[in-house]
Amino acid sequence: MAFEYAPAPESRSIVDIRPSYGLFIDGEFVDGRGSSFKTVNPATEETLAEIAEASDADVDLAVRAARRAFRGWSRMSGKERAKYLFRIARIIQERARELAVLESIDNGKPIKESRDVDVPVVAAHFFYYAGWADKLDHAGLGPNPQPLGVAGQVIPWNFPLLMLAWKVAPALACGNTVVLKPAETTPLTALLFAEICQQADLPPGVVNIVTGAGSTGQAVVSHPDVDKVAFTGSTAVGKAIARAIAGTDKLATLELGGKAANIVFDDAPIDQAVEGIVGGIFFNQGHVCCAGSRLLVQESVTDEVLGRLKRRMGTLRVGDPLDKNTDIGAINSREQLERIRELSDIGEAEGAERWAPACELPSSGFWFPPTIFTGVTQAHRIARDEVFGPVLSVLTFRTPAEAIEKANNTPYGLSAGVWTEKGSRILHMASQLRAGVVWANTFNKFDPASPFGGYKESGYGREGGRQGLAAYLKEADA
Amino acid sequence: MARIDVRKTYKLYIGGAFPRSESGHSYEVTDSKGKFVANASLASRKDVRDAVVAARKAFGPWSSRTAYNRGQIVYRIAEVMEDRRPQFEDAVRQSEGVSAAAARGQVDAAVDRLVWYAGWADKLAQVIGNANPVAGPFFNHTAPEPTGVVGVLAPQESSLLGLVSVVAPVIVTGNVAVVVSSYSRPLPAVTFSEVLATSDVPGGVVNILTGDASALGPWLAAHMDVNAIDLCGVAGLDNAAELATSLEVAAADNLKRVRRAPDAEPDWTAEPGLSPMTAFVEQKTVWHPIGI
C-alpha cells in the first residue's frame, strides 16, 4: 500500500508583501511615472501586489543615478567594494527563509528548490564575486582592468533572484553600477533585494531596479548612456538586442535558449541516470534554459530506462509550492502554460506518443503534469523548439557518433548531459558536444565558481567564474 | 632582344584549390601610383558560399587536431614565408608603395607574428581556462574551444602584416576562416594563399577571396553557417560606420560573435595581446561527480 504524505506547508508569515511597489532609483523607492501592473501567485491566481511599470523617463532617471554613482563606486578601492558585497551576501543568508518563501509565492517554484538551491546559490554568488573585487589584477585581463560603466541588465522569471545575483554581483565587484529590470511576472524578490541594498548601506545609485515588461526592458537596453547590456531570456529577444546595439559602443552578454540533449548510454548507472533525467527536465517545472529537454537513449536500454523513468515520474508530487513535499510547482504564468499546452498538442498531432502519470492538479492556478513524449524524431517540433516546461522528448541512438550528431543538430548550444560508466567515452563526448556546459553523470549543477554560457544561438559570453569578470571589465587605457 | 616576362593569373583560394571566380569576373589591380599591375579574381556571392562550405568541412578535423600539431603547422607557415621573403617584399612594396626597407620590415614582422601565434596553440587553454573549485564533490573544469567558421574582412591598408594578424589568431585556436583580402592591395594575400597551400595547412582551413569587402561582407555576415565575423577590414571603406552597423545587424540573425570594426586601421606593429584569440573561442565547462 502507498502511504500518503501529510501536508507540510511552509508558513507565509515571515513575508510581508506590500499592496504596491514603486521603483528603486538612487537608493530610494519612488513612484513610477508610468502605469502599473499586477503580479500574481501562479499557484492560486491571487493578486500579490501592484507594481509600477517604469516609463522611458523613469529608466532615464535610473540610468542617470547609476551614472552619478559610477564615479564614486568605480574609484572606491576594491577592498572597500568587496566589503559591501560581503555585507549583501551575509544579509541574504540572514533573510534566506524570507527570500525563499517570497520567491516561491511569486514564481510558483517549490519551496524545496528556492530554499535549498536558489537562495543559497544567490548568497554564494555575492560571496564569490566579493572576493574578486580587490583581486581584479589577477583576473587575466591585464593589469588594472577598468569597469565599463553603467550596466543595463534584463533578467527572466524562471530564477528571479538567482539571475539577479548572476548579473549584479560581478558587475558591482568590477566597479560598474547597474540598472536592472526583473521580469514582469516575478518582480518581488528583486524589490526585496533593493531593501537589502539599503540595509547594507550600499551607496545610492549603485543598484537601481526598474520594474516593467518588454518596453521597459527595451528602454534599459537602448538607453544611450548604458555601456553594457546583460540579458538572460529568449533567443528571439537576444537577437533583437544584438541588432539594437549594432553600431554602438555597447558591449553585451546574452544567455539565451537551449534544447539540451541528455545522452544515456547502455552502460550508464540506470537509477542514477533516471534521477538525472528527472532533475534535468522537471527541476523548476522545466523552466530552465539548460534543461535536459531531449533525452537520447541508447536503443538497447530504451525500454528499461523508460520503464524506470515512468515509475519514478509516478512518485513526483505536483502541487502547492509552499508544501515542503512538493516536487513540481506551478507554471509561472497563464501565457507560459498556453505555450506548453500548444507545443504538447503539436507533439501529439505530429505523431509522438504522450504520457504523463496520473496526478490530480489543483483547480485554480497554472499547472502542467510532468510529461514525456516517445517516438519523437528530430523533425518534430517538440524536439526542436524550446518548450520551457516539464515536457521531455525521448529519442534513441545506436552509436556514439549518432548521439553526437543528434545532440548537435540544433541551433542552440547551451548544455548537454552524458551518462556512462566509461571515463574515456565521457571525455570524448564532452569534447564533441557543441555546448557551453556538459554535465557528465550529473545534471543542472550550478556554482558561482563555474562559468556558464552558450555556444551558437544560445548566446555569447560567460557568467560565473573568472570568465564572468571579462563581461564587466576592459583593459586599462595605455 | 628583351625577354618577355611570364605573367601570373591571380586566383581565389577555396578548399585548398585555386579556382577563378565562378562569376568569371576579375578586376584591375594597380600599384600605388595607379599603374596597372595585374587582374585579380573578383569573388562573388557564390564564391563566398563555396568557401563557407569548404571551411565547414575542414572545421571538424582541424579543431580535433592536437594543439601541438596546430602550432607546428602555423610555425610551418612562417617557415615557408621566410623562404619566399623576396616575393612578399615585392608584393608589399608594389601594393603599398612603401620603400624596399619598409616592405622588408613588414614581411619580417608578419613572419615573426606567425611564429608568436604558433607558440600560443598549446598555451591558450592553460592561460584562459581553469579548474573551478565548486562547493561540492565535483570535478569542474573550463577550457576554450574554437567557435567554428569565422568570416574575416582583412585590413584594407596593411596588406600582409594586417592580413597575417587577423588570420593567425583565428586558425591557431582551431577555427577555420573565410577571408576577404584588401580590395586594392590583394597581391600579398594571393601569395600568402600559395604559402598556405604548401604549408601543411589542410584545404579549407583558410580560404582567401580577393574582392570587395563592401559587397562580400553582407553575404558573410548573413550566412547562417558562419559562427563569427571579424570586421577589421571595414575601417577605411566608404561609409564604414553604416556598413559596420549593417553587418552587425545581419550577424545578429544567428548570433554570430562579432569583432567590431575599429574606428581607423590599427597599428599592426603593436603587440596583439590575447583578445584577437579570445574573440573567437567559446569556454566549455565540464562537470563530473567525484566518488569511488
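1. Aromatic pairs. Over all chains of this predicted model, the count comes to 18 aromatic pairs. Take Phe24(A) and Phe29(A) as an example: their ring centres are 5.2 Å apart and their planes meet at 50°. Planes under 30 degrees apart would be stacked and planes over 60 would be edge-to-face, so this pair is tilted. Phe24(A) is buried, at 3% relative accessibility. Phe29(A) is partly exposed, at 25%.

2. A ring cluster. Look next at Trp166(A), Trp439(A), Phe443(A), Phe446(A) and Phe452(A). Ring pairs link these residues into a cluster. When you check such pairs yourself, remember that a pair of aromatic rings is described by the distance of the centres and the angle of the planes.

3. Charges over rings. Which ring lies under the charged end of Lys228(A)? The ring belongs to Tyr472(A), and the charged end is 4.8 Å from its centre. Chain B has a case with an arginine. Arg45(B) lies over the face of Trp219(B), 3.9 Å from the ring centre.

4. Pro147(A) is in strand β6 of chain A, which covers residues 146-147. Is Pro147(A) buried or exposed? The residue has a relative accessible area of 9% and is buried because that value is under 20%. Setting aside neighbours within four places in sequence, Pro147(A) touches several residues, including Phe70(A), Ser74(A), Cys174(A), Gly175(A) and Asn176(A). Tyr472(A), whose ring sits under Lys228(A), is also among the contacts of Pro147(A). Leu473(A) and Lys474(A) are on that contact list too. Asp327(A) gives a sense of scale: Pro147(A) and Asp327(A) are 180 residues apart in sequence and 41 Å apart in space, C-alpha to C-alpha.

5. Where chain A meets chain B. In this interface, 43 residues of chain A are in contact with 37 residues of chain B. The buried area between the two chains is about 3000 Å². Carbon and sulfur atoms give 50% of that area. Three residues stand out on the chain A side. Arg243(A), Arg434(A) and Tyr455(A) supply 16% of the area that chain A buries against chain B, more than any other three residues.

6. Polar links across the interface. Between chain A and chain B, 30 residue pairs are in polar contact, with both residues at pLDDT 80 or more. Four elements of chain A each give two or more residues to the side that touches chain B: α8 (235-244), β11 (251-255), α14 (423-432) and β18 (437-440). The largest share, 5 residues, comes from α8(A). There are 2 salt bridges across the interface. Which residue of chain B forms a salt bridge with Arg243(A)? The partner is Asp253(B), with N to O at 2.8 Å.

7. Salt bridges overall. The whole structure holds 47 salt bridges over all chains. The general idea is simple: side chains of opposite charge can pair when their charged atoms come close. Lys38(A) and Glu50(A) are one such pair, with their closest N and O atoms 3.5 Å apart. Lys38(A) is in strand β4 (residues 36-40) and Glu50(A) is in strand β5 (residues 47-52), so the bridge ties together parts that are 12 residues apart in sequence. Lys38(A) is exposed, with a relative accessible area of 52%. Glu50(A) is partly exposed, at 26%.

8. A link between distant parts. Lys239(A) and Glu457(A) form a salt bridge at 2.8 Å, N to O. Where do the two partners lie? Lys239(A) is in helix α8 of chain A, while Glu457(A) is in the loop between β18 and β19 (473-474). The partners are 218 residues apart, and the pair links distant parts of the chain. Both Lys239(A) and Glu457(A) are buried.

9. A bridge within one helix. Glu402(A) and Lys406(A) meet in a salt bridge at 3.0 Å, N to O. Both residues lie in helix α13 (residues 400-408). They are 4 residues apart, about one turn of the helix. Glu402(A) is partly exposed, with a relative accessible area of 28%. Lys406(A) is buried, at 15%. Some bridges also share partners: Arg18(A), Arg95(A), Glu98(A) and Glu195(A) are joined into one network in this way.

Note on methods. Residues numbered from 1 in each chain as written. Chains lettered and ligands numbered in written order. Predicted model: local features only at pLDDT ≥ 70, side-chain atom pairs only at ≥ 80, totals over all residues. Heavy atoms only, no water. Phe/Tyr/Trp six-rings, centres within 6.5 Å; stacked < 30°, edge-to-face > 60°. Buried < 20%, exposed > 50% of the residue type's maximum accessible area, 1.4 Å probe, protein only. Lys NZ or Arg CZ within 6 Å of the ring centre and 35° of its normal. Contact = heavy atoms within 4.5 Å. Buried area = accessible area lost by both parts, 1.4 Å probe. Salt bridge = Lys/Arg side-chain N within 4 Å of Asp/Glu carboxyl O. Polar contact = N/O pair within 3.5 Å; in protein donor to acceptor, adjacent residues only side chain to side chain.
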